[in-house]
Amino acid sequence: MKYAIVLAAGKGTRMKSNLNKVMHHVAGKPMIGHLIDQLEQIDVDESYVVVGYQQEHIKDYLKERVNYALQEEQLGTGHAVKMVDQLKGKAGKTILLYGDVPLIQKETMELLYETANDYDMVILTADLEDPDMYGRIVRGKQGEVQKIVEYRDASESEKHIQEINTGIYCFDNELLFKYLEDLTNDNNQGEYYITDLVEMFAQNNHSIKTIRVSDIDEVMGINDRIQLAKASHWLQNHINCHWMSEGVTLIDPNNTYISADAMIAQDVIIYPGVMIRGKSVIGEGTIIYRGSVIQDSTIGNGCRIESSKIIDSTIKNEVNIGPNAHIRAHSVVEDKNRIGNFVELKNTHMGYDSRCAHLSYLGDSVIGQHVNIGCGVVTVNYDGVNKHKTIIGDGAFIGSNVNLIAPITVGKNTVVAAGSTINKDVNDGDLVIERANRVDKEGYGIKYKNKPKIEKGKL
Ligand code: UD1
Ligand code: CA
């Protein structure tokens with residue numbers, strides 16, 4: 001059997017944050033999310049996340065994807081593993097991961113499981129020029145691993161060791177839980193260290209194998225905001241290089257933010273400052289200009305999107321959007337639309353080849369095909385208590401500065417005259433005009449302009 005344990009109970013004091021460390025984002029996703037995504041891609045029988053500090057937050061995010069164990073008091077990494085009662089005494093191999101080492105890739109996890117078939121413990125190590133505060137791997141004369149010493153407990157000569165503990169291990173599960181019982185907290189931090197198991201295994205002649213990781217960035221531990229930024233940078237670079245090699249142009253790859261879950265077709269061009277978040281999909285030949293944010297949305301082929309925000313929505317093919325449009329709440333924009341500057345669409349379906357080119361709000365609406373929405377049109381969808389629907393038929397022409405008070409249906413091939421405020425349905429083919437009567441006052445313009453000025457202080 002294959003098991004996995006992820007430690008995520010600690011607060012993460014060095015982050016100086018009210019948020020649990022593993023919920024901080026690396027390249028747009030919480031650290032723990034990256035880890036669990038990788039774990040789910042390999043064959044593991046049971047996965048456990050050890051939670052404590054802000055456990056509800058982590059559970060809300062991961063839901064039923066994993067099992068949980070609770071560590072009420074954070075007494076150290078060894079103590080945290082011991083909390084996974086569910087695995088006590090079970091035969092199998094257990095991979096142990098730290099929630100704050102989130103960039104580990106599934107291939108490395110698989111290699112650990114594989115190697116653990118022949119050893120009682122496998123430790124992933126790395127050689128660092130600057131071994132910083134990581135635990136050090138202490139070896140004997142024959143190169144055999146003797147123990148791991150934490151930085152805070154290390155002697156001066158041990159601090160010079162450059163081979164460090166990445167915090168990723170694979171254990172024989174029965175031996176793991178057997179030796180956990182013997183851990184003590186006799187060290188600088190007064191904690192039960194999982195790393196002390198190494199010396200116990202060595203002294204009791206259980207076999208230990210170390211694997212040196214090839215890419216040291218993959219095992220970066222994130223304890224503070226500087227390391228967080230470094231990890232984000234590494235992962236973003238990894239993602240961006242992947243899409244460039246798949247035929248996507250990034251005008252400035254150092255200033256382009258693409259989530260690990262996005263999909264981008266070839267010949268897409270992405271300008272600086274663009275963020276593509278969540279599970280977004282971008283179709284072939286689409287150009288996304290400066291500063292656009294696209295989140296959990298699908299964009300079709302051949303679109304142009306300029307400095308706009310698109311959230312939880314679907315844009316079909318050859319659609320022009322922006323600059324500064326805002327499309328959200330499950331809106332759908334069919335082929336060949338034009339959604340212009342300062343237009344907001346909320347929960348709105350725009351039919352084929354329609355336009356809404358300037359300064360408008362369309363909420364909770366269904367718009368037909370070949371419809372023209374003039375400048376400054378507002379669907380008045382909210383009465384202060386409830387939201388109401390607006391329906392506009394195919395071929396309708398809605399003049400500028402029209403208010404459509406919902407619920408309302410405007411029929412096919414209708415014209416609503418500019419400046420009208422209407423609150424009753426319009427029949428197919430009609431023209432409707434609803435404005436105040438015009439009053440002309442002869443010469444009053446000149447009179448108005450020549451009004452005497454009131455002296456200062458006399459008001
Ligand atoms: C740990 C290792 C160190 C290694 C480094 C790699 C130990 C004792 N030290 O040090 O050898 O080089 O990681 O990044 O293991 N946690 C709990 N409960 C606790 C304490 C910690 O769940 O009581 C979790 C934390 O949330 C964190 C992880 O365990 O995700 C690691 O803890 P942390 O305090 O960051 O360990 P390091 O000092 O970085
Ligand atoms: Ca750490």
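Asn324 is found in the loop between strands S24 and S25, where strands (E, at least two residues) and helices (H or I, at least four) are DSSP runs numbered from the N terminus. The phi angle of Asn324 is near 65°, a positive value in a residue other than glycine. Pro323 is also found in this loop, between S24 (320-321) and S25 (326-328), and a cis peptide bond with omega of about 5° joins Gly322 to Pro323. A cis peptide bond likewise joins Ala406 and Pro407, with omega again about 5°, and Pro407 is found in the loop between strand S37 (403-405) and strand S38 (408-410).

The structure is a predicted model, in which local features need pLDDT of at least 70 and side-chain atom pairs count only at pLDDT 80 or more, whereas totals for chains, interfaces and linings use all residues. Residues are numbered from 1 along each chain as its sequence is written, chains are lettered from A and ligands numbered from 1 in the order in which they are written, and side-chain values use heavy atoms, with hydrogens and water left out.

The domain assignment of the chain gives domain 1 (2-219) and domain 2 (225-432), with bounds that come from an automatic or database assignment. The C-alpha centres of domain 1 and domain 2 lie 45 Å apart, and 16 residues of domain 1 are in contact with 11 residues of domain 2, contact meaning heavy atoms within 4.5 Å. Between the two domains an area of about 1100 Å² is buried, 60% of it given by carbon and sulfur atoms; buried area is the accessible area (1.4 Å probe) that two parts lose on being put together, summed over both. Of the area that domain 1 buries against domain 2, Met15, Ala27 and Leu103 supply 40%, more than any other three residues.

One salt bridge is counted between domain 1 and domain 2, the term denoting a side-chain nitrogen of Lys or Arg within 4 Å of a carboxyl oxygen of Asp or Glu. The side chains of Asp261 and Lys29 meet in a salt bridge at 3.2 Å, N to O. On the side of domain 1 that touches domain 2, strand S2 (25-26) and helix H1 (31-40) are the elements that give two or more residues, and the largest share, three residues, comes from H1.

Ligand 1 is surrounded by 25 residues, of which the closest are Gln71, Gly76, Tyr98, Glu150 and Asn165, a residue being counted if one of its heavy atoms lies within 4 Å. A polar side-chain atom of Gln71 lies 2.7 Å from a nitrogen atom of ligand 1, while a polar side-chain atom of Glu150 lies 2.7 Å from an oxygen atom of the ligand.

Definitions and conventions
A polar contact is a pair of N or O atoms within 3.5 Å; within protein, one must be able to donate a hydrogen and the other to accept it, and residues adjacent in sequence count only if both atoms are side-chain atoms.
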